[in-house]
Amino acid sequence: MNPVPVFLYHSVVEDPPGWIAPFTVTPRVFTEQLDRIADAGLTVVPLRRLVAALRGGPALPPRSAVLTFDDGFADFYWTVAPALADRDLPATLYVTTGAVHAPGGAPRGSLLPPAAMLNWRQIATLDACGIEIGGHTRTHPQLDTQSGRRLCDEVAGCKQDLEQLLSHPVEAFAYPHGYSSPSVRRKVQKAGWSSACGVGYAFSSPNDHALRISRLMVRADTPPELFRAWTEGRGAPVAPLPEQLRTRGWRAYRRLRARLGRPVGGPPTD
């Protein structure tokens with residue numbers, strides 16, 4: 001299996017809220033990137049096919065790619081899904097269930113700042129149309145700073161929320177912010193998730209771990225030349241990559257801040 005670009009998107013919209021704007025692409029850029037993927041001769045495959053290959057199953061086509069979307073922004077329903085349907089492309093949508101609301105109602109609550117998010121009816125419709133729905137926790141915390149009941153609630157509770165809505169198993173998970181740890185991954189596996197994506201800014205590969213799949217995050221400032229390189233198998237390392245000392249240090253710092261009630265990148269906790 002050649003290196004596989006697993007593309008990570010968030011919101012695809014013209015005028016995003018400021019907090020998510022750096023991680024947003026416009027509909028025009030998104031369309032151009034889908035065209036670039038096609039022009040490069042990549043075959044977009046469902047995430048479950050990559051997971052099966054990582055677990056020793058059937059090999060992927062020689063030049064494959066995977067499309068993933070995090071959080072559950074409303075523009076997925078109105079903009080992304082039609083563009084994918086026009087091209088008959090599969091994708092996985094990772095949903096933060098606490099940010100989702102009933103039609104006309106309010107969300108249960110998450111750490112994500114205000115933005116237009118999907119409602120439960122739209123998620124069920126996307127599922128019926130063939131989009132794979134995956135989990136992205138209930139409230140979008142940094143999981144490697146959580147433990148005990150809170151960690152279990154975020155990981156297993158998210159799965160329960162989605163399976164109750166969709167009436168079938170959901171198997172794909174993504175770590176908020178890309179943060180995980182060996183203990184978090186064990187909790188994810190124990191909860192019944194068969195795969196989990198991080199970020200990594202690297203290609204996936206035959207040696208990648210199914211509970212730590214590397215992705216390439218597409219941002220507002222991703223140069224067209226870099227995206228082209230990704231579609232050609234260039235411009236990024238290949239997973240798996242050893243965990244760097246600075247990654248461990250950053251995790252320790254974030255854990256300390258969380259214990260002090262001043263989490264990095266979030267509001268104070270009680």
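**Entry 1: strands around β5**

I started with a bridge: Val44 has Ala65 as its bridge partner in β5. Before going on, I noted that this is a predicted model, where local features need pLDDT of at least 70, side-chain atom pairs count only at pLDDT 80 or more, and totals for chains, interfaces and linings use all residues. Residues are numbered from 1 along each chain as its sequence is written, and side-chain values use heavy atoms, with hydrogens and water left out.

Two strands pair if DSSP finds at least two bridges between them.

Which strands pair with β5? Strand β4 (residues 43-44) does, in the parallel sense over two bridges. β1 pairs with β5 over four bridges, also parallel, and there Phe7 has Leu67 as its bridge partner in β5. Strand β6 (residues 92-95) runs parallel to β5 and is joined to it by four bridges; I found Asp70 opposite Tyr94 in β6.

I then checked burial, where buried means under 20% relative accessible area, exposed over 50%, and partly exposed in between (1.4 Å probe, protein chains only). Eight of the eight residues of β5 are buried, so β5 is largely enclosed by the rest of the structure.

**Entry 2: the cavity**

Next I went looking for empty space. Rolling a probe the size of a water molecule over the atoms shows where empty space is left. On a 1 Å grid over the protein atoms alone, a cavity is a set of points where a 1.4 Å probe fits but cannot get out, whereas a pocket is an open set with protein on both sides within 12 Å along at least five of seven lines; lining residues have an atom within 4 Å of a point. Grid points are joined across faces, edges and corners, and a volume is the space filled by probe spheres set on the points.

How many cavities of 30 Å³ or more does the structure hold? I got one, and the largest cavity has about 30 Å³ of space. Its lining is His10, Phe69, Asp70, Gly72, Phe73, Asp75, Phe76, Val80 and Leu93. β5 (64-71) and α3 (75-87) each supply at least two of the lining residues, and α3 has the largest share, three residues.

I sorted that lining by class (Ala, Val, Leu, Ile, Met, Phe, Trp, Tyr, Cys and Pro as nonpolar; Asp, Glu, Lys and Arg as charged; the others, Gly among them, as polar).

**Entry 3: rings**

I counted 11 aromatic pairs in the structure. Rings of Phe, Tyr and Trp (its six-membered ring) pair if their centres lie within 6.5 Å; planes under 30 degrees apart are stacked, over 60 edge-to-face, and the rest tilted.

Tyr9 and Phe30 make an edge-to-face pair, at 5.1 Å centre to centre and 85° between the planes. That pair links distant parts of the chain, with Tyr9 in strand β1 (residues 6-9) and Phe30 in helix α1 (residues 27-39), 21 residues apart. Tyr9 and Phe30 are both buried.

Phe69 and Phe76 are edge-to-face too, because their ring centres are 5.1 Å apart and their planes are at 75°. Phe69 counts as buried at 1% relative accessibility, and Phe76 at 2%. Ring pairs link Tyr9, Phe30, Phe69 and Phe76 into a cluster.

I also looked for charges over rings (NZ of Lys or CZ of Arg within 6 Å of the ring centre and within 35 degrees of the ring normal). Lys159 lies over the face of Trp193, 5.6 Å from the ring centre. The charged end of Arg254 sits over the Tyr179 ring, 3.6 Å from its centre.

**Entry 4: the second largest pocket**

The second largest pocket came out at about 280 Å³. Of the 16 residues that line this pocket, Val29, Glu32, Gln33, Thr222 and Pro224 are the closest to its centre. β3 (24-25), α1 and α7 (224-231) are the elements that give two or more residues to its lining. By class, I have seven nonpolar, four polar and five charged residues.
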